[in-house]
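The sequence and the structure come before the details.

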Amino acid sequence: MISAGNDIVSLTAINVTRTKSPEFYQKIISPAEKALFDTLDQEALPFDRFVWLLWSVKESAYKYLQRLDHGIVFTPVKFEVRSIAIPPAYSYTESGAGEISGRGFGNFSTFKAEVVFAGRKLFSRVIIYHEFVSSVVNHSDDFEGVYWGIKRIKDTSYKYQSFAVREFALAKLKEISGLNNLAIHKNDEDVPVLLNDSELFAAPISLSHHEQWIAFSCQSLANMADN
Amino acid sequence: MTRQEILDELKKVIAPYTTNKELLAGITEDTDLIKDLKINSANLVDIIIDAEAKYEIEIDYDSADKMINVGTCLDVIGAKINERG
């Protein structure tokens with residue numbers, strides 16, 4: 001069954017000094033993942049960004065799998081990132097206009113990480129700018145069926161973040177699908193679901209927000225756009 | 001420490017990570033850290049680390065898994081304080 005999982009972390013909101021302390025990062029990454037870091041180009045991926053990249057991928061994977069199995073508990077070290085591919089000649093840039101979106105990631109320079117939980121492997125694409133790290137996971141390494149978006153907001157209250165990420169996602173998905181009666185609700189398991197004319201729509205959606213950033217991902221929209 | 005004393009200190013640990021100060025003041029054992037206090041998941045590790053320092057305990061992964069609401073936080077912290085002796 002196809003699911004959806006995404007995450008965003010505001011890098012301007014995290015404590016870099018604390019991130020680098022073993023007592024902190026050992027709650028997130030395993031010794032094997034620390035060993036993986038030691039094999040990477042650390043100029044292209046400094047340790048604090050590595051830690052939050054892993055956090056984000058693990059959180060996205062948890063969301064993806066939790067939709068399928070509500071009993072899963074999020075223990076970061078139990079989600080194992082086994083490989084990371086750094087995009088060639090990567091340089092961190094500002095986010096510019098503060099809004100990006102797409103279908104797949106063909107036009108974007110992304111990190112690629114594989115993550116395993118309980119024998120299940122998921123694939124990810126990760127965008128890192130100066131201000132944020134944002135990830136999307138998928139059951140296969142083909143992201144062409146994945147729609148996603150990231151946007152900066154001014155009001156960082158929880159209530160506004162929650163409203164804004166829904167408004168942003170719906171605007172994009174309505175534009176893609178031509179369906180004007182889409183809505184996002186939370187189901188009995190507290191998971192966001194997409195509705196069309198109040199009927200459950202078979203396109204799993206994932207939402208995330210942190211401080212001044214909101215993000216969404218949605219799977220199977222190719223089917224949706226064909227409707 | 002009594003359960004009430006642990007709770008009083010726990011409120012101070014949680015305070016920097018929630019904007020819902022009104023609900024924090026009136027939390028109960030059923031108050032959920034993420035759903036009710038709107039704590040971002042990225043801050044959950046901060047809360048674990050701060051709790052370890054505050055109560056001079058070590059919270060392992062399996063114990064941290066249980067810290068979903070205020071009541072389970074008090075259970076875990078109380079048990080770790082007892083283990084510490």
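Which residue of β12(A) is the bridge partner of Leu207(A)? In this predicted model, Leu207(A) is bridged to Phe216(A). The two strands concerned, β11(A) and β12(A), run antiparallel and are joined by 6 bridges.

**The sheet in chain A**

These strands belong to an open sheet of 4 strands in chain A, ordered β3-β7-β12-β11, and the pairing is antiparallel. β3(A) and β11(A) are the edge strands, each pairing on one side only. From one strand to the next, the twist averages 5°. Helix α5(A), residues 158–177, packs on this sheet and touches β3, β7, β11 and β12 of chain A. The direction of α5(A) makes about 40° with that of β12(A).

| β3(A) | 99–103 |
| β7(A) | 146–152 |
| β11(A) | 205–210 |

**The contact between the chains**

Chain A and chain B also touch: 13 residues of chain A and 10 residues of chain B take part in the contact. On the side of chain B that touches chain A, the elements giving two or more residues are α3(B), residues 44–55, and α4(B), residues 61–65. The most comes from α3(B), with 3 residues. By residue class, this side of chain B holds 5 nonpolar, 3 polar and 2 charged residues.

Key. Residues are numbered from 1 along each chain as its sequence is written. Chains are lettered from A and ligands numbered from 1 in the order in which they are written. This is a predicted model: local features need pLDDT of at least 70, side-chain atom pairs count only at pLDDT 80 or more; totals for chains, interfaces and linings use all residues. Two residues are in contact if their C-beta atoms, placed from the backbone, lie within 7 Å. Ala, Val, Leu, Ile, Met, Phe, Trp, Tyr, Cys and Pro count as nonpolar, Asp, Glu, Lys and Arg as charged, and the others, Gly among them, as polar. Two strands pair if DSSP finds at least two bridges between them. Axes are lines fitted to C-alpha atoms, for helices over the stretch in contact, and angles run from 0 to 180 degrees between N-to-C directions.
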